[in-house]
Amino acid sequence: MRIIKIEMGIAFFLVLTLLNCSEDDNKNSPEPSTKLAIPFASIASNVTDDSFQANWVLVPEAENYLVDVSTDSDFSVMLTGYDALIVQDNAVTITGLSPASNYYYRVRAQKGTEITNNSNVITVTTTGVAPEESEDPTFLKVKANALENPFFVGVAVKSNQLTEGSAYDVVLKNEFSSITAEYEMKMDPISTGSGSYNWEAADKIVNYGNDNGINVHGHALVWHNAVPDWLSDFSGTDAEFALEVKKYITDVVTHYAGKVSSWDVVNEAVDDNGNMRNTIFLQKMGPDYIKDCYQWARDAANAAGDTDLLLFYNDYATSTNIPKQDKVFSIVDNLKSNNLIDGVGFQMHNNYLSPTKEQIETDINRAVALGLKVHVSELDIQVNQNNDISYLTEERALAQKEKYKEIVKIYNALPKANKYALTVWGFKDNESWIPYSTDLNHPGNDWPLLYNNKFELKKSHTGFLEGLE
Ligand code: XIL
C-alpha cells in the first residue's frame, strides 16, 4: 500500500509539472491546439419522397465533416455514396431515396488527421407511398393471392423456427400466408395442471403470425394423443373431468381470442373402423362430448367478443376409408345442425399413389354440400410408404409433383365460400414427422414435403405452383 501511495505522489507531481510547461508553451504559440468538438446533428429539412437535407451545427476549427446515411439505425450498411461522405458545409442533400422509408444519418468533424466520434443520430422518413412488395409469382402465397378466389397457403411450424432472419423465417414470409403449430398448441404442452398453463411456445407462434400479417390456425383443443399426464391420471368424477376439459377449452380460446382465426376443436374422434374412437373423452364424458366441446369453444369466443372464430373438425384418411368418412360426416352434420361448426379439416397425409382425385373430391364435396369451409390441414405426400427406394428417385419426385399439383387443383376449384387454407405439414423433408414414424408405422426414410434437407425447392414445389394455374 505504501509503495503505491508514493508512486501516486510522484505521478501527481509529474502531471502538475507537465501542465505548467504547457501553460508556458501556450503563452508563446498563436493558435491554441484544442480538441475538436463532436458535431451536433439537427433535424432534416426539405424532406421529399426521394431526398432530404441533413443538417448539423458547425464545429469550430473543423475543416470538413464526414456524413453517414443508412437504412438501419445501427449503421451496419451505409447507402452507396454516403459512407463517410466528405462535406465542407453544415448541410448536405441526400438523394436517390425510396418513398415512405426510414433513413438515419450521423456526422463526424475532421481536422487534418483528427476525426471526432459520431454525432447523435437523426431519423428521417421520406414522404410518399411505399413501393409495392415484390410480387414474385414463384412464391406460393403470391401466386395463391393472385387467384380469382384466393386462399391461404399454410405451413406447420415449431416455435424455434421463428427466429427473425432464419431460413425458416425467410421462406415462411415469402411463401406462406397461414401457420399451424405442429405440436406446441396442443393440450399436452399448454396444460400443466388444472387451470395452469405454459403459454410460452404457443404465444411465440401466435405473436409471430399476428406481427407479420400471417393467419394463425389453432390446432388442436381436444386430441386423444396430446392429453397431459395430470388429466389422463385424473382421479375425480366424470363430471369433474368434464369441467376440467371445459375450463381448458374456455381458457385457451379466451387467451387467443382475436389472435387466432380458427381452431380444430376436436381432432380424430373417429377410429379406423368408422366408430367413435374410444378415447378418455368418450369414456368419461359420453358421446355428446364432441358437441359440448364445440359449444364451450363457441361460448368462450363470444364471451371474449370474438364472433368470427371459425370452428373446425379435423381428421385423417377419410377419402379412402368410407366407413370413417361416413362417421365423420355424421358428427359434422350434427354439429352443423346445431350451428356449432364452420369447417372441416382434411389432414391429407397422402402418398404418391393414393387417394385418387375422385376419392378426394367425393370426400371434400361432402363438406361443400353442407356449406362448410374446407381446410386441407396437414398435407404431405409420401413416396416411400413401401420402403422400396433408398433415395428420392427422379421418377418418384415426378409422381409426387403430379400428386401435389392434383390436390392444389382440386382445392383451387372449390367455390369461393368453401375455401380457407391449404396447409403443408412442415418445411424440409428431413424434419417431417413421416420418415420412420412409429405413429404411422412408416417403414423407412421418406421425402414428403416441398423443400429438401438443404431447403432447396423440390419438384413438388413446382407441382404446387402449377396447381395454382
Ligand atoms: C404430429 C406432429 O407432426 C408431430 O411432430 C408430433 O410429435 C405428433 O403430432 N395428425 C395430427 C397432427 O392432427 O397433430 C399430427 O402431428 C399428425 C397426425
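The chain is divided into two domains: domain 1 covers 41-125, and domain 2 covers 140-467. Keep in mind that this is a predicted model. The C-alpha centres of domain 1 and domain 2 lie 51 Å apart.

Next, look at the secondary structure. The chain has 13 helices and 19 strands. Its radius of gyration is 32 Å, while the globule rule gives 23 Å for 469 residues, so the chain is more spread out than a compact globule. Its C-alpha atoms fill a box of roughly 105 × 60 × 50 Å along the principal axes.

Of the 469 residues, 50% count as buried. The chain exposes about 22500 Å². Carbon and sulfur atoms supply 51% of that area. Charges come next. The chain has 37 positive and 65 negative charges. The mean positions of these two groups are 2 Å apart.

How do the contacts relate to the sequence?

Finally, zoom in on one residue, R277. R277 lies in the loop between β14 (262-267) and α8 (280-285). Is R277 buried or exposed? Its relative accessibility is 16%, and buried means under 20%, so R277 counts as buried. Set aside its neighbours within four places in sequence, and R277 is in contact with H224, E268, A269, V270, D271, L282, Y316 and K324. V124 is another matter. R277 and V124 are 153 residues apart in sequence, and their C-alpha atoms are 62 Å apart in space.

Key:
Residues are numbered from 1 along each chain as its sequence is written. This is a predicted model: local features need pLDDT of at least 70, side-chain atom pairs count only at pLDDT 80 or more; totals for chains, interfaces and linings use all residues. Side-chain values use heavy atoms; hydrogens and water are left out. Helices (H or I, at least four residues) and strands (E, at least two) are DSSP runs, numbered from the N terminus. The radius of gyration is taken over C-alpha atoms; the globule rule is 2.2 Å times the number of residues to the power 0.38. Buried means under 20% relative accessible area, exposed over 50%, partly exposed in between (1.4 Å probe, protein chains only). Accessible areas come from the Shrake-Rupley method with a 1.4 Å probe; for residues, only the protein chains shown count as cover. Lys and Arg count as positive and Asp and Glu as negative; His and the chain ends are not counted. The place of a charge is taken as NZ of Lys, CZ of Arg, CG of Asp or CD of Glu. Domain bounds come from an automatic or database domain assignment. Contact means heavy atoms within 4.5 Å.
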